[in-house]
Amino acid sequence: MTYDTVEVPDEGERIRVIDEEADELDVPETPIIPILYGDGIGQDVSPAAQDVLTAAARATGRDVAWMRIYAGSSARELYDENLPDETVEAIREHRVAIKGPLTTPVGSGYRSLNVALRQTLDTYANVRPTYHLEGVPSPVSHPEQMDMVSFRENTEDVYAGIEWEAGTDEVERVRSFLEDEMGVEETIHDGPVGIGVKPISEHGTKRLVRQAIDYALEHGRDSVTLVHKGNIMKFTEGAFRDWGYEVAEEEYGDEVITENTLWEERDGEQPEDAVVVNDRIADNMLQQVLTRTEQYDVMALPNLNGDYLSDACGAQIGGLGIAPGANFGDALCLAEPVHGSAPKYAGEDKVNPTAMILSGAIMFEYMDWSDAAQLIKDACEATISSKRVTYDLHRQIEGGEKLATSEYAAAVIENIEELA
Ligand code: NAP
């Protein structure tokens, strides 16, 4: 395959799909992996992560042939467009890719490129593992209790939200339709109003919850919690819960037990060899992750709840500089950190690349390079435990050594070589 906007490396081979439904890949020793540096601090964290990932691949007897792809400011500079079709195509064809953050203008300007990428690629699950690395400062007393993985729906809810602006003809037509034809009375205040709708579908919910349950079963996790606001929005958030339970009950036989009683009523007893599927209302869940941290494992959430909750969980294990993520579709993985492009630090060689590095570790796990992924995690932990950290952690650690982004990456690589 040749592209106009992407230079294919001379070395390396493409990852191929053996079975799309079973998510089975054939990964060569030197795969071609697309990398999108991104905007703002993407220019700092992406090359740092690239070096660390290469070092981990080589330390485990493999290599990576990186292929630069472009979106956002880099694509505008080179090709005068925000998201070239070939960027999307290259990710789809190579099956795994890693990206830095992309800036989204607030209020006006172009639509989020992150949302466009996730929707076009149909990477319907945004997966964010939240675990504590020893030595990372945390605002809670027992950050080590946090070991959760959130599966956030990535294509609908507010990502597919439709809005009409106050004062426009369109919003007045929607208001009339709701009041005159749908019988919605006395709900909308008089005067200017913005109106939005959000879809949550059976298809979108079930394929997400399936991924979460499959993950829990494969990784020996105890529970999957459906997090929703179904007490208020019965036909969207409530339906998410109901369809989630339906998948659990209809597709997994004895492997899954649906259980919605409080943990104490069972004295914390976990049925052996079965994953418990339960549900929690989103606002309660935001405090449960603080007060009963160790009781939660895997979470499945609609888009907006997932955004809030995974950032809140991320704060408990050291903040955005640490929190990794990845978007999964069928036989497709696009890894990316949870954080954004933090434009005020762009190009300063200052911010923490751990989130981007650990996102790469998720990508390696997906490629069945678990030894390389573990090496990366151990090397980050060893570096942080020795108090060699970037500014964000340095301000919370007494007596630490403050490193630049590139110096921290070099320290992680030293540890990879030592631990390998
Ligand atoms: P942000 O870029 O994540 O930055 C918010 C704050 O988080 C930073 O000021 C910094 O806090 C801390 N932070 C973020 N990344 C860090 C890192 N690697 N190391 C250390 N600290 C880090 O959030 P934002 O300012 O709300 O968003 C900026 C732009 O990014 C927006 O255009 C937004 O739409 C976009 N965004 C993109 C993605 C994505 O591409 N997936 C995700 C989220 C946001 P301190 O200043 O307190 O140290």
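Partly exposed means a relative accessible area between the buried limit of under 20% and the exposed limit of over 50%. Keep that in mind for the exercises below, which all use a predicted model.

**Exercise 1. Work out whether Asp242 and Arg241 are buried, partly exposed or exposed, and say what links them.**

Solution. Start with Asp242: its relative accessibility is 37%, so this residue counts as partly exposed. Now take Arg241, which at 28% is partly exposed as well. Their side chains form a salt bridge, with the closest N and O atoms 3.0 Å apart. Elsewhere, salt bridges with shared partners tie Arg128, Arg152, Asp307 and Asp311 into one network.

**Exercise 2. Find how Arg175 and Glu172 are placed in their helix, and how accessible each one is.**

Solution. First, recall the geometry: an α-helix has 3.6 residues a turn, so residues three or four places apart point the same way. Next, apply it: Arg175 and Glu172 lie three residues apart in helix H5 (residues 169-181), so about one helical turn separates them. Their closest N and O atoms are 3.1 Å apart, in a salt bridge. Finally, compare the accessibilities: Arg175 is buried at 9%, whereas Glu172, at 34%, is partly exposed.

**Exercise 3. Describe helix H4, from its start to the residue that follows it.**

Solution. Begin at the start of H4, where a side-chain oxygen of Ser112 comes to within 3.2 Å of the backbone nitrogen of Asn114. Then look along the helix (residues 113-121): seven of its nine residues are buried, among them Leu113, Val115 and Leu121. The cover over these buried residues includes helix H3 (85-94) and strand S7 (147-153).

Arg207 is buried at 11%, and Asp122 is partly exposed at 33%.

**Exercise 4. Classify the ring pair of Phe364 and Trp369.**

Solution. Five aromatic pairs turn up in a search of the whole structure. In this one, the ring centres are 5.0 Å apart and the planes stand at 55°, so the pair of Phe364 and Trp369 is tilted.

Note on methods
Residues numbered from 1 in each chain as written. Predicted model: local features only at pLDDT ≥ 70, side-chain atom pairs only at ≥ 80, totals over all residues. Heavy atoms only, no water. Buried < 20%, exposed > 50% of the residue type's maximum accessible area, 1.4 Å probe, protein only. Helix = DSSP H or I, 4+ residues; strand = E, 2+ residues; numbered from the N terminus. Contact = heavy atoms within 4.5 Å. Polar contact = N/O pair within 3.5 Å; in protein donor to acceptor, adjacent residues only side chain to side chain. Phe/Tyr/Trp six-rings, centres within 6.5 Å; stacked < 30°, edge-to-face > 60°. Salt bridge = Lys/Arg side-chain N within 4 Å of Asp/Glu carboxyl O.
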